[in-house]
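Here is a short report on one protein chain. Look at the structure first, then read on.

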Amino acid sequence: MRKALLVALLLVAPAAFAADKATKAPAEGPDWIPFDDPKLQELLARIEAAGAYDIPAVNLKKDENYANTSVDVEPFGGTKPFKENFLSQLTYWGAGRAKPEPEGLQTVKVGFIGPILPTVSIATGGKSHEEALGIPMLNGSKLAIEEWNARGGYLKRKIPFELVISNDNGLWGSSGNEIIKQAYRDGVWGMLGTIDGANSHIAIRVALKAEVVMINSGDTDPTFIETNIPWVARVIGDDRQQAYLLTDYWYRTLGLNRVAIIRSSNRYGRFGVREIRDSARRRGKPVPIEMAYKVGQKDFRLEVERVKNAKPDAVVHWGDAIEGAIVLNTMREMGMSQPFFGCDRTVSDDFVKIAGTNAEGVTAAFPWNPTWKGARLERFRKAYRERFGVEAETYAAHAYDGMNLMLWAIQVAGLNRARIRDVIAHLPHPWPGVTGDIVFSACLDDVGETTLATFANGDWTYKTREDLQVPRGYIPPRDRLNREAESATTASASGTRPYRASPKR
């Protein structure tokens, strides 16, 4: 009876109120998993049956391979270690599923934390620099909230959603305090944010203690999800996924051997190139030089001169768009004609404007394909343009996806943080986002396809691995077992044995 009532409530017609009169609910079909989906209803029944102290009887994800890593760039030289982390999904073991919905609520609060106001701190390398990314992220979140309110808000109570906004100012302690404030004083049912890698790490540890789900839509640091916190999910392809496509393209398609790195000295630059550096070394083509610069730097002649002396086949930059364009211009002024590659922040109007004609032919990794033909993407772009007067960009799109997932989970799970977490962690189908279908790994990381964006004739074009005909190099499990058996036989015949990691003591 209770389940039937829930489905009926979720399928009611939109209520009259809306957070913003200019925002309307999409006129065409649902951009989410239907509330009456049989697999979803089965999941809800299993959560309900678990009661107060048991965990739901659902299958936890088990990945054969971490983050689609190609065999030729795996650690340990292809030898399977004693234990591999991040392949098995973790769950929530607490009693939070038994908490009843609170009475007397006027709104259902959902948190947002991101860089929206300029600040100064050591953590950001001086003056903050990510507001241009954080403001679209906030707008994408607002649009999702307003559209759900136009449909009727939280349908079970017929009350609106409310967005609680905090600025991520780059100070670790301060950012942690903002999460605590939202979780305990404001009483949010979930949070979306942020972009800075260090602050994201702090935020999700606080979310773990507060037992509130956090969806990330802007931090591409590969180590973010390797905390393996069961209260955290990410809806954007990270730098690991982007680096794998870049390096496969360099070494398998273009035949490059020596790719130099220029990067920002902050966490974004340092961790962004980690998989590039490791992938190159494991392929026997180590990075000839890696130069770091201070965030906000204007003169790159020293860094470019040293890179030039290393005689690379190509150069990759990992940092913000403005610095990347200045680096490229400096390279060309100093006679370097090598191909220039970049991270996803390269794909921006600022980069093209500053680089000018030098931007022609630049290729950058990108977390999705914004030119895919989908009705939900076109509806989002039209609604965003009408609401904010500008075109939507990638941080707005991913935030819109993340916030929609959060609000949908609240609708189907009710006002219970643990159950909201359960629904997100055990989605019965890939999430139908405007950035494409979002597929979660065992760590709840988005492992969907990334792309390479190339600037030519005044515009960016995006190509997937399939478009580029770049082989992944991943060996299926059965073939891998055969390879390992052959390796063991060869080692035995030679009187040696493969290295295996020792168990932790």
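## The whole chain

The chain holds 16 helices and 16 strands. Both are DSSP runs, numbered from the N terminus: helices are H or I with at least four residues, strands are E with at least two. This is a predicted model, where local features need pLDDT of at least 70, side-chain atom pairs count only at pLDDT 80 or more, and totals for chains, interfaces and linings use all residues. Residues are numbered from 1 along each chain as its sequence is written, and side-chain values use heavy atoms, with hydrogens and water left out.

Of the 505 residues, 57% are buried (under 20% relative accessible area, with a 1.4 Å probe and protein chains only). Take the contacts (heavy atoms within 4.5 Å) with a separation of 6 or more: 74% join residues 24 or more positions apart.

## Where H2 meets H14

Helix H2 covers residues 38–50, and helix H14 covers residues 417–425. Their axes (lines fitted to C-alpha atoms over the stretch in contact) come within 11 Å and cross at roughly 140°. Angles run from 0 to 180 degrees between N-to-C directions.

Leu43, Leu44, Ile47 and Glu48 of H2 touch Arg419, Asp422 and Val423 of H14. By class, this contact has 4 nonpolar, no polar and 3 charged residues. Here Val, Leu and Ile count as nonpolar, and Asp, Glu and Arg as charged.

## A buried glutamate

Glu74 lies in the loop between H2 and strand E1 (108–114). Glu74 is buried, at 12% relative accessible area. Its side chain makes a polar contact with the side chain of Asn65, at 3.1 Å. A polar contact is a pair of N or O atoms within 3.5 Å; within protein, one must be able to donate a hydrogen and the other to accept it, and residues adjacent in sequence count only if both atoms are side-chain atoms.

Definitions and conventions. Buried means under 20% relative accessible area, exposed over 50%, partly exposed in between (1.4 Å probe, protein chains only).
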